[in-house]
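Biologist: I would like to learn how to read a model of this kind with care. Could we take confidence before packing and surface?

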Amino acid sequence: MAERLGDLLVREHQITATQLAHTLTVQREARVPFIPALEKAGVMPGDILAGFFCRQYGMPAINLPAVEPDHTVFALIPAEIARRHEVLPLSKVGGSLTLAMADPTDVAAMDEVKFRTGLNIEPVVAGYSHMTAALDKAYGSGEEPLADQGLEAVMASIAEAGDLDVELQNEELNLPIPDLEKVSEEAPIVKLVNVILTEAVKRGASDIHIEPYEKEYRVRFRMDGVMSTVMSPPLRLRDAIASRIKIMSKLDISEKRLPQDGRVMLKISLAGKKKQLDFRVSTLPTLFGEKIVLRLLDKEALKLDMTQLGFEPESFAKFERAILKPYGMVLVTGPTGSGKTNTLYSAISRLNAPDVNIMTAEDPVEFQLAGVNQVQMKEQIGLNFATALRAFLRQDPNIILVGEIRDLETAETAIRAALTGHLVLSTVHTNGAAETITRLLNMGIDPFLVATSVHLICAQRLVRRVCNQCAQSVTVPAPTLIAEGMTPAEAASATLRKGKGCNLCNDTGYKGRTGLYEVMEIGEAIRDLIFAGASAPQLKQKAVEQGMMTLRRSGLLKAMQGITSLEEVVRETVAG
């Protein structure tokens, strides 16, 4: 493209062949595109080149510094694409997008923008140096992706911004959509949303909840599994904040009546270190506006080493033995937020090898795993777990991961796969390992199929770790410990710990989380009970007799080791 443009300039007597050769030399040495090389070589200034394009192609030329783009269209084109092609969206009218271009001969750029936006492109010519400055203004310089500012400073700047008064006008819509888009792009709103995201990362939050009420608007973080209020922005900013997050996650800001799901990927700078983050976004219409929940998917925090998850040695040995079998089903169960995905990803990582074909059906795909074929479910077009599973069986898989077994069709297909030479990993939402068997039977699966296909069930919970910096010993009466499940001997000698609260743990006494695990192997005795239609308590009793460690027992062991507190164990598990 560069040489074709150079030949055109020579042919039209804008530059000489010698000047072209000199420009190409400068381009190679400086490793810059051809157009800035023209300026760098002193051959042709940007405004002269823009005038040439204007005459040659009949395109209008603009003076970018004197133009105020419509900020709402910046979200249509990612910064990476805009910078790579040196293009800047200026305005959108109907189905047409006005696009400023440093090189209007770059057909590939126009095609990519048209494909991504679905809009007709109306190109206008802008000088290269002006384009670089305009891109920095529109998308940020890239040196400091998100400012690391304090909440108080941003809230103060919002309080001073009198032009952001977004008061409630009616129940359905507070501002016309174009006005709402403009308000959501105002600097204080952008700063506030950026700070909410960076503050969540700083504090180690897993989820951000932005919640509107009749007379209050609050932001809460879920840290180590526990919700905590961190700030209360002015209620008048409710719609502007929601619109800003929707624009970032490419959602429809005009749709307030239906739930929406999206994703935000961005880079932030914390303590001088750049970090790439992925947020899963969910909006939900409530009585007083849209509640927004962002789940932080931090790949650096993902533990793929199974030995670091918190398994007791005997439970880990059982789990590893089951996933190393060539076929059968391994189920992981627990409530939302109990670490099931981490356990399954760790198992997949343990099994991943060049000679193994691993396929996953997930809703959503939370983390990308190298060497694993991951499929995102799309219910709206009929791609659900059952459909994906049937397709997988025609793809010559060795190992199949199903995000969740939630209906009879998925369960039957998964069991069929487990019985025909495939290892199947999946999750079920139940309270314990034994209850998973009865859940499958209640779905309508034949007891014989459940007993022969399922090799192991792992129930789990997450509890907070005692902060090592402020941990101190606590004395608990022996009768209390015995009532919670310890033996008299353990209760007499147990030394428990609890965090006092410090700066490191945000005065909570806890820092980080670990897992509690209840691993039930399906051996001959339990198979016989399944055939006989035994209840969940009967199955659990037999498993305990055969050495299964319950969730409560796993928690008590970690409390006696000082890893967690007795309060955490009682909060997450039941005795018996």
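Biologist: Over which residues does pLDDT stay under 50, with how many contacts beyond four places in sequence?

Modeller: This is a predicted model, in which local features need pLDDT of at least 70 and side-chain atom pairs count only at pLDDT 80 or more, while totals for chains, interfaces and linings use all residues. Residues are numbered from 1 along each chain as its sequence is written, and side-chain values use heavy atoms, with hydrogens and water left out. pLDDT is the predictor's confidence in each residue, from 0 to 100, and contact means heavy atoms within 4.5 Å. Here pLDDT stays under 50 over residues 142-151, which have 27 such contacts in the model; residues 158-181 also stay under 50, with 39 contacts beyond four places in sequence.

Biologist: What is the mean pLDDT of the protein chain?

Modeller: The mean is 84, and 89% of the residues reach 70 or more.

Biologist: Which residues touch the most other members of the largest nonpolar core?

Modeller: In soluble globular proteins, nonpolar side chains tend to be buried together. A nonpolar core is a set of buried Ala, Val, Leu, Ile, Met, Phe, Trp, Tyr and Cys residues joined through side-chain atoms within 4.5 Å, where buried means under 20% relative accessible area, exposed over 50%, and partly exposed in between (1.4 Å probe, protein chains only). In the largest core, of 42 residues, they are Met-329 and Met-520. A second, separate core has 32 residues, among them Ala-205 and Leu-237.

Biologist: Why does Leu-449 count as partly exposed?

Modeller: Leu-449 counts as partly exposed because its relative accessibility is 32%.
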